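Let's look at how the labels on a protein model get decided.

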Amino acid sequence: MAERMLKFISLPQQTPEKRAAADRREDFHEIYEEFAPDAAAAQASRCSQCGIPFCSVNCPLGNNIPDWLKLTAEGRLEEAYELSSATNTFPEICGRICPQDRLCEGNCVIEKGFESVTIGAVERYVTDTAFDQGWVKPIRPAQERAEHVAIIGAGPAGLAAAEALRRNGYKVTVYDRHDRVGGLLIYGIPGFKLEKEIVLRRWKWLEEGGVKFVLNADIGGAITFAELRKKHQAVLIATGVYKAREIGGPGAGLPGIVRALDYLITSNRQGLGDAVPEFDSGLYDAKGKDVVVIGGGDTAMDCVRTAIRQDAKSVTCLYRRDRQNMPGSLREVKNAEEEGVTFTWLAAPEAFLGDTQVTGVRAVKMHLGLTDASGRQSVEPIEGSSFTIKADLVIKALGFDPEDLPGAFNEPQLALTNWGTLKVNPRTFETSLPGVFAAGDIVRGASLVVWAIRDGRDAAAAIHKHFTAATQAEAAE
């Protein structure tokens with residue numbers, strides 16, 4: 001081990017080459033180049049193979065990171081892929097969009113002078129290589145089962161559950177309201193972070209493995225929830241959370257103030273070649289406009305970097321806390337700054353200016369106060385510190401809440417928590433309705449893709465246990 005590993009002492013940290021900011025502003029292609037095989041092996045060899053791998057501990061999926069890094073360093077890439085995919089349904093997606101600086105890499109035990117291992121880039125490289133080499137085989141269950149499971153939602157939680165259930169031999173049908181598979185992976189995340197072909201490749205892979213998809217599905221409308229339950233032995237709800245949090249204040253309803261997800265979906269659809277009247281009309285097109293994005297999460301970063309690529313005149317991110325307290329990835333902040341985004345820290349909107357169209361945002365400076373119950377510092381406005389930022393387009397990226405699923409599905413018996421998420425038994429993932437399960441953001445609240453994958457896998461295991469117990473009970477009778 002010592003021969004091939006522990007190279008962090010002599011080998012500096014190196015990520016794959018980033019395209020020049022001026023070039024990447026011009027398109028929606030991914031900004032990182034592929035690792036060369038030698039470079040990937042060299043970076044993997046920097047792993048210290050520590051006794052307690054905090055990278056794995058702090059990965060929601062518990063990925064066996066040191067082990068597949070060692071295999072990569074030794075050139076055993078097919079084995080590295082097998083190990084990586086054993087715990088992660090979509091390693092190539094997590095390698096691209098996970099905030100590694102806050103999870104695995106951020107908890108690497110290599111001290112800061114030497115810098116952490118570039119885990120995400122190696123993870124992406126290993127899986128992309130596996131696809132290129134034909135090592136990623138369609139799902140072939142050892143034994144087919146009679147039970148049929150419906151999954152509502154083709155996002156990361158639903159797809160992860162579909163893969164796990166299909167592997168156990170269940171018949172799986174995934175229903176989704178959109179016309180493509182992927183949920184926010186395809187419509188919410190821009191191509192410069194995750195190119196659409198990566199998601200579409202997994203769609204094809206799942207279909208080849210026997211998973212069926214019903215798209216443009218109107219659950220609660222054309223397809224009633226009762227009908228769905230009757231047709232399938234179990235139903236898993238994995239719809240995610242899409243309801244945008246709103247902002248008040250004078251002028252909040254002015255034209256030109258839009259929701260982040262509407263903006264991103266429009267941009268992604270336009271990039272996919274769809275006819276998008278809202279983009280063509282200029283409503284969701286930042287070209288030539290002064291753009292202000294309100295928020296500090298990853299969605300806000302997606303919006304500011306999309307606006308840059310749409311050739312906005314200027315792009316400003318307004319966030320009420322400072323850089324260190326941003327919920328989004330600091331790596332994304334750096335990428336946005338390189339591309340020309342201006343960050344106005346410790347500032348919050350108090351009014352929106354304009355008569356028939358927004359023309360500006362009046363903001364007030366903030367200062368950080370005492371730590372609140374959540375562990376974050378409170379923010380308080382500084383009296384008399386108001387200032388104005390010019391804006392033709394204001395994008396609200398303030399987070400997401402759950403939609404009213406009992407109303408949408410016309411199923412009032414679906415119990416909710418005080419936060420509006422679906423109420424489930426934490427051990428079995430079962431909702432208030434027998435045989436109906438739920439997982440992902442619709443249970444957890446808005447969170448990371450990697451947590452959605454974890455929840456989907458855990459829910460699939462719970463459903464398998466549910467059916468296994470039922471089979472055993474029948475056999476005992």
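Q: What makes phenylalanine 225 count as buried?
A: Its relative accessibility is 2%, and buried means under 20% relative accessible area, with over 50% called exposed and anything in between partly exposed (1.4 Å probe, protein chains only). So 2% puts phenylalanine 225 in the buried class. A quick word on the source: this is a predicted model, where local features need pLDDT of at least 70 and side-chain atom pairs count only at pLDDT 80 or more, while totals for chains, interfaces and linings use all residues. Residues are numbered from 1 along each chain as its sequence is written, and side-chain values use heavy atoms, leaving out hydrogens and water.

Q: Why are the rings of phenylalanine 225 and phenylalanine 409 called stacked?
A: Rings of Phe, Tyr and Trp (its six-membered ring) pair if their centres lie within 6.5 Å; planes under 30 degrees apart are stacked, over 60 edge-to-face, and the rest tilted. Here the centres are 5.3 Å apart and the planes sit at 10 degrees, so the pair is stacked. A search of the whole structure turns up 6 aromatic pairs.

Q: What makes this pair a tie between parts of the chain?
A: Phenylalanine 225 belongs to helix α11 (residues 225-231) and phenylalanine 409 to the loop between α16 (405-408) and β16 (436-438), so the pair links parts 184 residues apart in sequence. Helices (H or I, at least four residues) and strands (E, at least two) are DSSP runs, numbered from the N terminus. Phenylalanine 409 is buried too, at 6% relative accessible area.

Q: Which residues touch the most other members of the largest nonpolar core?
A: Leu69, Ile151, Ile219, Phe225 and Ile237 do, out of 98 residues. A nonpolar core is a set of buried Ala, Val, Leu, Ile, Met, Phe, Trp, Tyr and Cys residues joined through side-chain atoms within 4.5 Å. Helix α18 (residues 449-476) gives this core its largest share, 8 residues. Apart from it lies another core of 26 residues, including Cys303 and Phe343.

Q: How do you know that the length of helix α12 (residues 260-271) agrees with what it should span?
A: The expected span is 1.5 Å times one less than the number of residues. With 12 residues, α12 should span 16 Å, and its end C-alpha atoms are 17 Å apart, which agrees.

Q: What makes α12 mostly covered?
A: Of its 12 residues, 9 are buried, among them Leu261, Tyr263 and Asn268. Just after α12, glycine 273 takes a positive phi of about 95 degrees.

Q: Why is asparagine 335 called buried?
A: Its relative accessible area is 1%, so asparagine 335 falls under the 20% cut-off. This residue lies in helix α15 (residues 330-338). Leaving aside neighbours within four places in sequence, asparagine 335 is in contact (heavy atoms within 4.5 Å) with Lys18, Arg24, Ile31, Tyr32 and Arg305.

Q: Serine 48 has a relative accessible area of 17%; is it buried or exposed?
A: Serine 48 is buried, because 17% is still under 20%. You'll find serine 48 in the loop between α2 (37-44) and α3 (54-57).

Q: How do you know that the charged end of arginine 309 sits over the ring of phenylalanine 192?
A: The rule asks for NZ of Lys or CZ of Arg within 6 Å of the ring centre and within 35 degrees of the ring normal. The charged end of arginine 309 is 4.1 Å from the centre of that ring and sits over it.
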